[in-house]
Amino acid sequence: MDVDAGNRAVELIKDHVRSTFRPGVLGNLGSFGGFFQLDVKKYKEPVLVSGTDGVGTKLKIAFMMDKHDTIGIDGVAMCVNDILVHGAEPLFFLDYIALGKLVPEKVADIVKGVADGCKMAGCALLGGETAEMPGMYDEDEYDIAGFAVGVVDKTKIIDGSSIKKDDVVIGIASSGLHSNGYSLARKVFFELGGLLPEDYIEDFGETLGEELLKPTKIYSKAVKSLENFDIHGMAHITGGGLIENLPRILPEGMEFIINKGSWEIPPVFHLIQKIGQIEDKEMYRTFNMGIGYVLVAPKENADAILNTVREQGENAWIIGQVSMGKGGVVFCQS
């Protein structure tokens, strides 16, 4: 293990970390713990909301392309989007990076991505851990995980309990695969399709590797713009797709009716399905299919919500509605 390399990595990441600091951050990088002072005057009954996640086998694409400056965005997105759905304001984030060999410049690239993600989310990168673990990882391999903490007033927690019959389902576009389904995608493209990351795909307008390495979207800005609207439920569409994630916010005795064809499905999903000969149900259970985040709201607010989200630069569509039923998600052709 190279202690000097570790010290150099810390020096290289300091500016990235400081660039994320927001009001509430106390102290500086290098302490044993990170300090954040909660503004209790802003919240009557503050409730902390936390989430942790990793990036999964999307890392394999970063290894193949030897490109490491965006994967940190995915790490932040997977955690922050999960706490956003409860109405929480992201406050701070901590990361964990484990490498087979600590290369300071590679660590700096990874942390740059984490810092970029934190700035998109509006939270501070408060600290983290970088571990060199030879024997656990090959020299060119690493893993990254993260932990986000946010805050919401107790009376404003969004958990889906207020979802009602005839509420509309609004889907906000993903940027592609985000960080889920990569084991299947890699098998389809590289094993079944015989493709390489550097292969240019006409439908994508870029190489396969560039498409697969697109960072997961962070929806903080869009969600914050809706703070004056009555939102009954929100869902982050991750592993399990629409089929598994939407029921997590659904009250008993209701179901989601989702209209296929009501949104634009990015070409990457069509190509996966074509090469892999994958059934629709498996596609919608493995991938986000172009919908990265879902809002459930009263029908009368739908147009205003759509316009507000689109003003934040997001593509969004009404993709379904809430109905009485046995639970789960029912797909129909629009």
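Domain bounds here come from an automatic or database domain assignment. On that basis the protein splits into domain 1 (3-153) and domain 2 (167-333), and the C-alpha centres of domain 1 and domain 2 sit 25 Å apart. The contact (heavy atoms within 4.5 Å) draws 26 residues from domain 1 and 25 residues from domain 2. All of this is read from a predicted model, where local features need pLDDT of at least 70 and side-chain atom pairs count only at pLDDT 80 or more, while totals for chains, interfaces and linings use all residues. Residues are numbered from 1 along each chain as its sequence is written, and side-chain values use heavy atoms, with hydrogens and water left out.

Turning to the interface itself, about 2100 Å² is buried between domain 1 and domain 2, with carbon and sulfur atoms giving 70% of that area. Buried area is the accessible area (1.4 Å probe) that two parts lose on being put together, summed over both. What holds for polar pairing? Between domain 1 and domain 2 there are 11 residue pairs in polar contact, both residues at pLDDT 80 or more. A polar contact is a pair of N or O atoms within 3.5 Å; within protein, one must be able to donate a hydrogen and the other to accept it, and residues adjacent in sequence count only if both atoms are side-chain atoms. On the side of domain 1 that touches domain 2, the elements giving two or more residues are helix H2 (59-65), helix H3 (71-84) and helix H4 (104-121). H3 gives the most to this side of domain 1, with 10 residues. Helices (H or I, at least four residues) and strands (E, at least two) are DSSP runs, numbered from the N terminus.

Glu89 belongs to strand S4 (residues 89-99) and Arg22 to the loop between helix H1 (3-18) and strand S1 (25-26), so the pair links distant parts of the chain, 67 residues apart.

As for the record, an unreviewed UniProt entry places "domain: PurM-like N-terminal" at residues 47-152. That span is 37% helix and 37% strand, and its end C-alpha atoms lie 5 Å apart.

Key:
UniProt positions are given in the numbering used here, feature names are shortened, and annotations may be inferred rather than shown by experiment.
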